[in-house]
Amino acid sequence: MTELSRRQLFRTAAGAGAGAGMLTLGLPIDVFAANAPQHLVVQSGALNSLDPAHQISAGDEGRVAILISNALLRYAAGENFALQPDLATGFEVSDGGKTYTFKLRQDVQWHRGYGKFTAKDVKFSIERILNPETKSRNAGQFKDVAGVEVVDDYTVRFRLKEPSAVFPHAVATFRGGFLMSEAAAKAQGEEFSKTVIGTGPFMVEKAVLDQEIVLKRNDAFFGPKPKLEQITFKVIREGGTATLAFDRGQLDLIDINDREATDRYAKSNKSRLMISNVTTGLYLLTFNLSKAPFDKKEVRQAFQHAINKKAIVDAVYAQRGRVVDTVMPPGVEGYTQVKSYDYNPEKAKKLLADAGVKDLKCTLTVPTTYQREAVMIQAQLKQVGITLEIKLIDRPTWFRSLGQSDHDIIWNAHFRAPAADAFLFPSYHSSNHPPKGTNCAFYAGADDLIDKARVTFDDKERAAIYAEALKRIAEDSPAIPLTLELNTYVVQNYVKNLSTYRVPENAPALEMASIEK
Amino acid sequence: MGLLTRFIFQAVPTLIGAVTILFLLLRMIPGDPAQAMLGADATAVDLARMRHELGLDQPIWVQYGLYLRDFLTGNWGNSIVSKTPALDRVLEALPDTLMLCGMAIVIIIGISLPAGVLSAVRRDSWVDYGVSVAVFLLMSMPQFWLGLLLLLVLSYWLDWFPIFGTGDAGDPLSILHHLVLPALTLAAGFLGLVTRLTRSSMLEVLGREYVRTARAKGLREGVVIVKHALRNALLPVVTVIGLTMGQLLGGAVIVEVVFARAGVGTMIWDAILQRDYPQVQAAVAVFAALFITTNFLTDLLYGLLNPRIKI
């Protein structure tokens, strides 16, 4: 479909005419391009909240939050998720890792004239989330905090209950880490958690969370000034509706999450298919080590050799997926490529035979969304004599199962903050065995390394410890990492400068975009 | 006993029955709001804290008792997700949904009555067969699929209607423009029923003796059909349209989601996915109340149309 509609034809002709006219006048072409309305319309899922105390999704909500608000630290855009200064200019660790002192920027203004950002706002934001009356979902993020002190207007000190080298991630741009204004809280009352006042490049103009969120550029922003004047997030739950609206030019940027649409847009020259090169999420199969025969390492390794991850990625995800061997995604501190188990049914059979396991019958508990992957795994395991029964459940039931011990093997999805500890501690440390936590592998083999990394304050040394833990987990195989699913977007050709992706949203940095029609 | 008193005596127990069934159904689906909110990685401590805050750690009959007390005293609780009063949110979204259902009724009457009358009058002609085929096609299409199909043809290919949204508030034309397709989708499933009913009811009446008498008096055929036949044939049709209103509310859930419209339907959709019990309960209770009320009004209307029936 390459024909132009009458309207497009007119626009193109008029544009060409005007462009040519400007060239003859000696004006640079940019002047013309900059005249297009800088208004981006983006599809979104329904949001629950923009309030840092209540927001939970790093995806849809995080994508809006990072435009409105700042945290003390932020994750670098691009393929390496290092922590960088945001509203803090830097921090010092003292008292053996129990005290963190942050120096703050002095040139930051709250939106809509709520004054200067100071240390008091940091104390207010964190204490508000920790206050039981707030009923914050993100209180757990600051569970190590014993107290927050205002040293002076631009210095704030956190006292922790015990030494922690991973604490900086708690005050980064993830869920509860976004900061709020104390003055605005007092003035706005109930409106406060709705029309969030932040310090970011855009401010909330309208927020009807289940319909539409309109953001306007904040000209008082301390960082580089965005070209876009307005970003509108339209809530459209049905993917089919969104693609029709996109094709009709009523949306500029939409999410795609099925293979058919990906293939279709990959061929289209009217728009660009964008596949995020970063992600903080991966899918795994987690064994229940407290049940025989999954207590035997050889059996788990046999599964590693019996599953053809590449075939699954090719069939289900195509260019939207990557095979993964490590239990956390690349880009996170300490990531290392671990030993890769080649697809080798013969080796798998031999390992099973050596372990004395014959005619193994077991169950895979999996949410309905991942049925296709489960069926492929079932067929692959059959090749090595394993009979896999698939138990399909809905999402909330699955969430609950991850904190229980009924399963043989369970489909797992780890979408976390971009920190090694966030991937390793909840899922592989023995203090989180169900029912206390979600280490539903009942694995305990890397406790020493995970604990040691938590109190290692030298960045290089800590990364090395994590790398070692990852290698050990790969050897022990309490879980089989399967795939990384990369977020996929389609954008109109006239939207430019959207090639930088960022975590934890796993989305393009929208504040850099511009419209050039 | 006054009409209103009787209505209240019938409506209140029905409503309590409805919310009781809903209360139990919601708690029978696996997963709870705490788990839905905290996600896959929730620790047991966080879950327990959240469940305690939400009162979910109480035995179910205590929860039900508290709920019923609050329900009857008009305290319908706060949405777990938005933390604002659940009933207020429903009432805020209700006009959009009612407008959608109202428009659907207009479409049902506007299409089904003429089509039904026409196929009765031209019985066994190609018009009659054509209407029957169209009716069966419409009745057998799932609503979400028909919605997407209408979007594809009327919005995407022909560009006659907007694809999503409710329209600019304060601009009636824009609101109406956004309303047509969703209302058509919502109406589609019921067009068949009402058309078939009008047809058979008309056929029955057309065979009656008073119609023959009217014709024998030399009245014009149009007058015979509209004044003598249709008026009497309408009785069962009105009842069905009245009952349809309640079913339209249910259909609104899917239609609103497909067309990305604001309304109680999308609210229920989100709330069920989030296991936002108070929000689902408030929205469905309002729907149930509307359902009961429209049924009552249908009874009243029936009495007006047919003086032989006293209610």
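This is a predicted model: local features need pLDDT of at least 70, side-chain atom pairs count only at pLDDT 80 or more; totals for chains, interfaces and linings use all residues.
**Entry 1**

I found Asp124(B) in the loop of chain B that runs between helix H5 (86-121) and helix H6 (126-140).

I then turned to Asn497(A), another residue that is not a glycine and yet has a positive phi, here of about 55 degrees. Asn497(A) sits in the loop between strand S20 (495-496) and S21 of chain A. Is Asn497(A) exposed, buried or partly exposed? I counted 17 other C-beta atoms within 10 Å of Asn497(A), so I wrote it down as partly exposed.

**Entry 1: cis peptide bonds in chain A**

The bond joining Ala292(A) and Pro293(A) is cis, with omega at about 0 degrees, and Pro293(A) belongs to the loop between strand S13 (281-287) and helix H8 (297-306) of chain A. The bond from Val503(A) to Pro504(A) is also cis, with omega near 5 degrees, and I located Pro504(A) in the loop between strand S21 (501-502) and strand S22 (507-508) of chain A.

**Entry 2**

In which order do the 4 strands of the open sheet in chain A stand? I traced them as S4-S5-S7-S6, with antiparallel pairing, and found at the edges strand S4 (88-94) and strand S6 (145-152), each of which pairs on one side only. Neighbouring strands of this sheet are turned by 20 degrees against each other on average, if direction is ignored. Between S4(A) and strand S5 (residues 99-104) I noted 6 bridges, the two strands running antiparallel, and as an example I took Gly90(A), whose bridge partner in S5(A) is Lys103(A). Helix H4 (residues 119-130) of chain A packs on the sheet and touches S5, S6 and strand S7 (155-160), while its direction makes about 165 degrees with that of S6(A).

**Entry 3: nonpolar cores**

I next looked up the largest nonpolar core, which has 217 residues, and those with the most contacts inside it are Leu40(A), Ile68(A) and Ala283(B). Helix H10 (residues 221-258) of chain B gives the largest share of this core, 15 residues. When I left aside the neighbours of Ile68(A) within four places in sequence, its contacts included Leu50(A), Val196(A), Phe202(A), Val204(A) and Leu215(A). A second, separate core of 9 residues includes Ala36(B), Leu47(B), Met50(B) and Leu56(B).

**Entry 4: domains and the contact between chains**

I read chain A as divided into domain 1 (6-257 + 490-515) and domain 2 (281-485), with 33 Å between their centres, taken over C-alpha atoms. Their contact takes 14 residues from domain 1 of chain A and 13 residues from domain 2 of chain A.

Chain B is divided into domain 1 (3-72) and domain 2 (87-305), and their C-alpha centres lie 32 Å apart. Here the contact takes 13 residues from domain 1 of chain B and 12 residues from domain 2 of chain B. On the domain 1 side, the largest share, 9 residues, comes from H1(B), and by class this side has 10 nonpolar, 2 polar and 1 charged residues.

Finally, how many residues of chain A are in contact with chain B? I found 33 residues of chain A in contact with 31 residues of chain B. On the chain A side, helix H6 (239-247) and helix H12 (395-401) are the elements that give two or more residues, and H6(A) gives the most, with 5 residues. I noted the classes on this side of chain A as 12 nonpolar, 11 polar and 10 charged.

Methods: Residues are numbered from 1 along each chain as its sequence is written. Chains are lettered from A and ligands numbered from 1 in the order in which they are written. Domain bounds come from an automatic or database domain assignment. Two residues are in contact if their C-beta atoms, placed from the backbone, lie within 7 Å. Ala, Val, Leu, Ile, Met, Phe, Trp, Tyr, Cys and Pro count as nonpolar, Asp, Glu, Lys and Arg as charged, and the others, Gly among them, as polar. Two strands pair if DSSP finds at least two bridges between them. Axes are lines fitted to C-alpha atoms, for helices over the stretch in contact, and angles run from 0 to 180 degrees between N-to-C directions. A nonpolar core is a set of buried Ala, Val, Leu, Ile, Met, Phe, Trp, Tyr and Cys residues joined through C-beta atoms within 7 Å. A residue is buried if 20 or more other C-beta atoms lie within 10 Å of its own, exposed if 12 or fewer, and partly exposed in between; C-beta atoms are placed from the backbone.
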